[in-house]
Amino acid sequence: MTARKAKAFGLNVIGYDPYMPERYLAKENGIILMRLGDVLKADYVSLHPDLNETSLHMIDDKTFAHMKPTAYFINTSRGKVVDEVALIKALKEKRIAGAGLDVF
């Protein structure tokens with residue numbers, strides 16, 4: 001759903017999902033799968049995982065260090081997927097341009 005909306009605005013959509021077959025994502029949603037490090041270099045990083053043992057605080061200091069200072073981080077999944085202290089630090093230190101949060 002997010003990919004289709006982003007494409008309507010003329011954005012190229014890339015993604016990372018270690019559990020989804022590439023052909024499904026590419027074919028159904030027009031998402032180009034890449035390595036996580038490459039996805040984090042995008043202008044907008046939108047997060048969509050379920051909350052589980054592997055996704056708890058998956059976005060942390062190391063993750064924000066890979067993002068561009070002009071990038072915007074968007075989380076509409078689950079609050080605990082993001083290390084809130086790391087997000088606040090990244091914003092205060094201007095390591096990212098901003099954040100859009102639907103959850104915390």
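The largest pocket of this predicted model holds about 1,300 Å³ of space, a pocket being, on a 1 Å grid over the protein atoms alone, an open set of points where a 1.4 Å probe fits, with protein on both sides within 12 Å along at least five of seven lines. The volume is the space filled by probe spheres set on the points, which are joined across faces, edges and corners. Of the 36 residues that line the largest pocket, G15, Y16, S46, L47 and H48 are the closest to its centre, lining residues being those with an atom within 4 Å of a point. The lining comprises 23 nonpolar, nine polar and four charged residues, where Ala, Val, Leu, Ile, Met, Phe, Trp, Tyr, Cys and Pro count as nonpolar, Asp, Glu, Lys and Arg as charged, and the others, Gly among them, as polar. At least two lining residues each come from helix 1 (2-8), strand 1 (14-15), helix 2 (22-29), helix 3 (36-39) and strand 3, helices (H or I, at least four residues) and strands (E, at least two) being DSSP runs numbered from the N terminus.

Strand 3 (residues 44-47) presents V45 and L47 on a covered face and Y44 and S46 on an uncovered one. Strand 3 pairs with strand 4 (residues 72-75) in the parallel sense over four bridges, at least two DSSP bridges being required for a pairing, and F73 is the bridge partner of V45 in strand 4.

Two aromatic pairs are present, defined by ring centres of Phe, Tyr and Trp (its six-membered ring) within 6.5 Å, with planes under 30 degrees apart counted as stacked, over 60 as edge-to-face and the rest as tilted. Y44 and Y72 are stacked, at 6.0 Å centre to centre and 20° between the planes, and this pair links strand 3 to strand 4 across 28 residues of the chain.

Residues are numbered from 1 along each chain as its sequence is written, and side-chain values use heavy atoms, with hydrogens and water left out. As the model is predicted, local features need pLDDT of at least 70 and side-chain atom pairs count only at pLDDT 80 or more, whereas totals for chains, interfaces and linings use all residues.

Note on methods. Buried < 20%, exposed > 50% of the residue type's maximum accessible area, 1.4 Å probe, protein only.
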